[in-house]
Amino acid sequence: MNHLLYLRTFLETYRAGSLTRAAERLGITQPAASGHLSALETMLGKPLFLRQARGVKPTPAADDLARSIAANLDGIEATMSAARARSSQLTGTVHLVGPAEYLSAQIAPALAPLTAEGLRFRIQTGNRERIYAALEDGQADLAVTASKPDGQQFGFAKLDTERLVLVAAPEIVARAKARIVTADFLCGLPCIAYDETLSLVRPFFDHVLGKAPDMQAVATAPDLRILIGMAEAGTGWTVLPDYLCADALAAGRLVELRTAKPGPDNALYLAWNKSALRHPRVVHVRDFLLQSVSEAG
């Protein structure tokens, strides 16, 4: 059975790009991890990594081996963890990362039953780069992301769907006089956005209006909840995910501007660091969130 242990150490090292980091994730010493790799290289009769000043570089043989074993080894790890999750009391900490707005509105409220079971959570927020960096570095076990993850590097499943909605305060919407709005009309009004690149606004324009937004935001804030408050105050129009502005629309604090077709739908994914699935608590939280969000939808 030692070859399975060696393969596990190999795959973790391959993904981490560092023997030290792989050993930390596996909970073994670096000399032990090095011994596993040496034994595997002896069994295969070829080197798997080139040692460098900072980390290791896989050889072509390592690339071939990783492609051959990754799916099967990940499946075994996940199956064993799921079995342990069903048969044992779960304890420990699960690290989550994702967009602050979605975590606040959809994920955080769902965690109460899990904390009652004895699990602890450490939640981080950030943009796309920070989310993937946290997953890659092993700082996060699970992540919510609006971009489809790389299946070779991470495990993932579709979690939810959001629709982008064009909204503004009633007094701004009144200027449209119930007409279907155009790009020129919107460019003549103040816009508020997540950032200078007009995230969310740009894909809405591309999908609904068929052109790029030719404007500069009067205000930006890297938290969509701030944009809601500014929009309600009449600062300008903006584009928001439907789940985030539903209450403001229902209360009449915001109104949806009429367009020729609805805004685009974006898929949201739950992604995980594959090595984290050896911990039953991570498998349990992953499965719970996928089910609870599906039922809520």
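**Ground rules**

I number residues from 1 along each chain as its sequence is written, and side-chain values use heavy atoms, with hydrogens and water left out. Because the model is predicted, local features need pLDDT of at least 70 and side-chain atom pairs count only at pLDDT 80 or more, while totals for chains, interfaces and linings use all residues.

**Whole chain**

I looked up the secondary structure first. The protein chain has 13 helices and 11 strands. These are DSSP runs numbered from the N terminus (helices H or I, at least four residues; strands E, at least two). I then took the box along the principal axes: the C-alpha atoms fill roughly 75 × 40 × 30 Å. Of the 297 residues, 46% are buried. Buried means under 20% relative accessible area, exposed over 50%, partly exposed in between (1.4 Å probe, protein chains only). I also checked contacts (heavy atoms within 4.5 Å). Among those with a separation of 6 or more, 73% join residues 24 or more positions apart.

**α1 against α2**

I took helix α1 as residues 2–16 and helix α2 as residues 19–26. They pack at about 125°, with axes 8 Å apart. Axes are lines fitted to C-alpha atoms, for helices over the stretch in contact, and angles run from 0 to 180 degrees between N-to-C directions. The pair is therefore oblique. My cut-offs: under 35 degrees is roughly parallel, over 145 roughly antiparallel, 65 to 115 roughly perpendicular, and the rest oblique. From α1, Arg8, Thr9, Glu12, Thr13 and Ala16 meet Leu19, Arg21, Ala22, Arg25 and Leu26 of α2. I sorted the residues of this contact into four nonpolar, two polar and four charged. The classes are Ala, Val, Leu, Ile, Met, Phe, Trp, Tyr, Cys and Pro as nonpolar, Asp, Glu, Lys and Arg as charged, and the others, Gly among them, as polar.

**α1 against α3**

Next I looked at helix α3, residues 30–44. Its axis and that of α1 come within 9 Å and cross at roughly 110°. I therefore log α1 and α3 as roughly perpendicular. On the α1 side the contact includes Leu5, Tyr6 and Phe10; on the α3 side it includes His36, Leu40 and Met43. The residues of this contact divide into nine nonpolar, four polar and no charged.

**α2 against α3**

The α2 and α3 axes come within 9 Å and cross at roughly 105°. This pair is therefore roughly perpendicular too. Leu19, Thr20 and Ala23 of α2 meet Gln30, Ala33, Ser34 and Leu37 of α3.

**Helix α10**

In α10 (residues 201–209), I found Val201, Phe204, Phe205 and Val208 buried. Seen down the helix axis, these residues fall within an arc of 100°, so they line one face of α10. The arc is that of the directions from the helix axis to the C-beta atoms. The buried residues of α10 pack against β6 (155–168), α9 (183–187), β7 (192–193) and β9 (238–241). Just after α10, Gly210 has a positive phi of about 70°.

**Ser199**

I located Ser199 in the loop between β7 and α10. At 27% relative accessibility, Ser199 is partly exposed. Gly98 is 101 residues from Ser199 along the chain, and their C-alpha atoms are separated by 16 Å.
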